[in-house]
Amino acid sequence: MLPTFITLLASWLGAACILLAFWLLTHKVIHSHSYTYLGLNLIGGALLAIDTYRHESYASFTLNAVWVLIAIYGLGWAHKRKEAKLKR
């Protein structure tokens with residue numbers, strides 16, 4: 001298992017990524033379909049999932065795992081949309 005300091009750092013970085021994404025979105029610096037927003041949510045959710053799994057907090061782990069899956073779906077959708085624009 002990962003050392004406690006590393007998982008603690010990962011959880012704080014994960015929370016910071018998600019909060020930063022939300023802050024940037026609410027201040028209209030980025031939009032909800034941007035790679036930045038979705039990437040920050042993906043990284044943040046994954047890092048938080050590590051810590052919640054380690055602490056056997058399965059409800060929080062499930063929330064973060066679904067968060068990651070939604071971000072992956074969003075990134076795929078954004079990529080398809082970008083490719084469609086390039087073909088026009």
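E56 is found in the loop between α2 and α3, where helices (H or I, at least four residues) and strands (E, at least two) are DSSP runs numbered from the N terminus. The phi of E56, a residue other than glycine, is positive and near 55°, and this residue follows α2. With a relative accessible area of 57%, E56 is classed as exposed, given that exposed means over 50% relative accessible area, buried under 20% and partly exposed in between (1.4 Å probe, protein chains only). The structure is a predicted model, in which local features need pLDDT of at least 70 and side-chain atom pairs count only at pLDDT 80 or more, whereas totals for chains, interfaces and linings use all residues. Residues are numbered from 1 along each chain as its sequence is written, and side-chain values use heavy atoms, with hydrogens and water left out.

The secondary structure of the chain consists of three helices and zero strands, which follow one another along the sequence in the pattern α-α-α. Taken along the principal axes, the C-alpha atoms fill a box of roughly 50 × 25 × 20 Å. Of the 88 residues in the chain, 30% are buried. Among the contacts with a separation of 6 or more, 58% join residues 24 or more positions apart, a contact being defined by heavy atoms within 4.5 Å.

Helix α1 comprises residues 4-26 and includes L8. This leucine is partly exposed, its relative accessible area being 44%. L8 and R54 are separated by 46 residues in sequence, while their C-alpha atoms lie 10 Å apart in space.

For helix α2, the 20 residues should span 28 Å at 1.5 Å a residue, and this agrees with the 28 Å between the end C-alpha atoms; the expected span is 1.5 Å times one less than the number of residues in the helix. The buried residues of α2 are Y37, L38, G39, L40, N41, G44, G45, L48, A49, D51 and T52, and these residues pack against both α1 and α3.

When residues up to four places away in sequence are not counted, N64 touches G45, L48, A49 and T52. A polar atom of the N64 side chain also lies 2.8 Å from the backbone oxygen of S60.

A search of the whole structure for aromatic pairs finds two. Rings of Phe, Tyr and Trp (its six-membered ring) are taken to pair if their centres lie within 6.5 Å, with planes under 30 degrees apart counted as stacked, over 60 as edge-to-face and the rest as tilted. Y53 and Y58 form an edge-to-face pair, with 6.1 Å from centre to centre and 70° between the planes. Both tyrosines lie in the intermediate accessibility class: Y53, at 45% relative accessibility, counts as partly exposed, and Y58 is partly exposed with a relative accessible area of 46%. Ring pairs link Y53 and Y58 with F61 into a cluster.

The largest pocket holds about 170 Å³ of space. On a 1 Å grid over the protein atoms alone, a pocket is an open set of points where a 1.4 Å probe fits, with protein on both sides within 12 Å along at least five of seven lines, and lining residues have an atom within 4 Å of a point. Grid points are joined across faces, edges and corners, and the volume is the space filled by probe spheres set on the points. The lining of the largest pocket is formed by S32, H33, Y37, L38, N41, W67, I70, A71, G74 and W77, and the elements that give two or more residues to this lining are α2 and α3. The largest share of the lining, five residues, comes from α3.

Conventions. Polar contact = N/O pair within 3.5 Å; in protein donor to acceptor, adjacent residues only side chain to side chain.
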